Amino acid sequence: MAEVNIPKIKSDEVLVRMVYSGKLAAMDTLIDRYYSLCFGICMAVLKDCDDASDACQNCFVNVFKNIGKFRGDGNFRSWVLTIARNESFSVLRQRKNRRENVYEEIEPVLRNREDVSREVFLRIESFRVREVVETLPDKQRLAIKLRIDEGLSFKEIGQIIGSSEGSSRVNYHHGIGKLKELLGA
Amino acid sequence: MIIWECIEAKGYLSAGVRGELSEPIKAELDRHVLDCSDCKGELELIEKLFILRPAAPLQLPLEIKKAVRLEFFEAETSYWRKFLPAAAVTTLLVSASLLDKVLFLPDISLLEQDFFVNVWPSEDYDLAGSLVLDDFSEESLNLLFEEIK
């Protein structure tokens with residue numbers, strides 16, 4: 001397989017065609033583009049960093065193993081989301097669902113802000129809010145995490161939680177409402 | 001100026017926290033949030049959730065690339081592996097055929113058997129291929145030299 005440099009501006013469809021013709025660099029670019037999103041989905045479903053990493057890895061192995069089955073006219077992002085979802089739920093079925101809080105183990109993403117004290121306050125509050133989110137019904141919890149953590153559209157959320165776009169929107173808003181209620185916000 | 005209802009503003013809150021809004025929409029959202037305590041509360045809640053969102057381990061993309069390549073090369077190797085028995089049989093047949101040629105040489109002339117024999121080059125069909133041997137008489141060699149000239 002040939003090693004070539006791929007400019008980042010190439011669309012998913014072009015990269016997939018390059019993968020068809022055996023270009024490893026195109027595969028790397030697609031992995032770089034989607035691993036974070038894929039990990040986020042696996043993490044939201046599995047709630048464990050190691051399990052999510054494994055599921056994410058398996059997801060990409062399956063993506064490229066079955067790349068021949070991917071129809072060029074489809075949406076590659078959507079296809080990756082579906083495989084990530086299936087892989088996560090498959091791991092969830094196979095392994096015992098460990099419910100311990102894992103947020104101390106993973107590296108949080110902190111933004112640079114001028115107001116450091118506000119950042120610290122938000123971080124402390126964030127732990128509390130994250131704990132409360134875990135008490136929500138699965139569909140509401142997933143809708144909130146996928147919307148806020150990964151920025152997915154309601155259509156994409158529906159694809160993952162197995163409901164319609166409208167239903168995932170309702171799950172999200174109900175979840176936010178319940179969170180506000182539980183946190184006394 | 002766009003006047004937003006809460007339902008519309010709430011649709012932009014998570015994108016706003018993620019920094020994905022264009023400047024005009026962000027300005028409009030900020031203006032709405034300033035006047036709306038409900039949206040302001042929801043924005044703060046989303047900020048709290050977003051700040052500790054799980055990030056993928058740094059080594060994960062490398063591990064994925066490694067796993068994918070391994071899978072790809074394994075697939076390629078296993079594709080060629082199915083031709084191995086055929087290749088082995090062909091090699092055996094060729095070897096046996098060569099061995100047969102070496103061990104059971106047919107009756108051939110002295111000239112054909114000795115790879116290092118020197119033969120006389122000539123356009124004259126009768127002289128061409130004559131063996132150049134030490135025991136050739138001087139007269140015979142002279143004849144050959146004459147022929148070459």
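**Helix H6 of chain A.** I started with H6(A) and listed its buried residues: Gln140(A), Arg141(A), Leu142(A), Ala143(A), Ile144(A), Lys145(A), Leu146(A), Arg147(A) and Ile148(A). I note for the record that this is a predicted model. The helix spans residues 138–148, and nine of its 11 residues are buried, so the rest of the structure largely encloses it.

**Leu179(A).** Next I looked up who touches Leu179(A), skipping neighbours within four places in sequence. In chain A I found Val129(A), Val132(A), Val133(A), Leu136(A) and Ile144(A). Ile144(A) was already on my list of buried H6(A) residues. From chain B, Leu45(B) and Leu49(B) also contact Leu179(A).

**The core.** Which residues have the most contacts inside the largest nonpolar core? I got Phe60(A), Phe64(A), Phe76(A), Leu179(A) and Val68(B), in a core of 77 residues. I then checked which element gives the largest share of this core, and it is helix H2 of chain A (residues 24–46), with 16 residues.

**Aromatic pairs.** I counted aromatic pairs over all chains and came to three. I picked out Tyr34(A) and Phe76(A): their ring centres are 5.8 Å apart and the planes stand at 55 degrees, so I logged the pair as tilted. The cut-off matters here, because only planes over 60 degrees apart count as edge-to-face. Tyr34(A) sits in helix H2 of chain A and Phe76(A) in helix H4 of chain A (residues 76–94), so the pair ties together parts 42 residues apart in sequence. Buried or exposed, these two? Both Tyr34(A) and Phe76(A) are buried.

**A surface patch.** Then I went to the outside of chain A. Val116(A), Val120(A) and Ile124(A) make a nonpolar surface patch of about 280 Å². I placed Ile124(A) in helix H5 of chain A, residues 116–133. Why do I call Ile124(A) exposed? Its relative accessibility is 57%, and exposed means over 50%.

**Chain B, overall.** I finished with totals for chain B. I count seven helices and two strands there, and reading along the sequence I get α-α-α-α-α-α-β-β-α. Of its 149 residues, 26% count as buried. I also took the contacts in chain B between residues at least 6 apart in sequence, and 43% of them join residues at least 24 apart.

Definitions and conventions
Residues are numbered from 1 along each chain as its sequence is written. Chains are lettered from A and ligands numbered from 1 in the order in which they are written. This is a predicted model: local features need pLDDT of at least 70, side-chain atom pairs count only at pLDDT 80 or more; totals for chains, interfaces and linings use all residues. Side-chain values use heavy atoms; hydrogens and water are left out. Patches are made of residues with over 30% relative accessible area and no salt bridge: like charges are joined within 9 Å, nonpolar side chains (Val, Leu, Ile, Met, Phe, Trp, Tyr) within 5 Å. Accessible areas come from the Shrake-Rupley method with a 1.4 Å probe; for residues, only the protein chains shown count as cover. A salt bridge is a side-chain nitrogen of Lys or Arg within 4 Å of a carboxyl oxygen of Asp or Glu. Helices (H or I, at least four residues) and strands (E, at least two) are DSSP runs, numbered from the N terminus. Buried means under 20% relative accessible area, exposed over 50%, partly exposed in between (1.4 Å probe, protein chains only). Contact means heavy atoms within 4.5 Å. A nonpolar core is a set of buried Ala, Val, Leu, Ile, Met, Phe, Trp, Tyr and Cys residues joined through side-chain atoms within 4.5 Å. Rings of Phe, Tyr and Trp (its six-membered ring) pair if their centres lie within 6.5 Å; planes under 30 degrees apart count as stacked, over 60 as edge-to-face and the rest as tilted.
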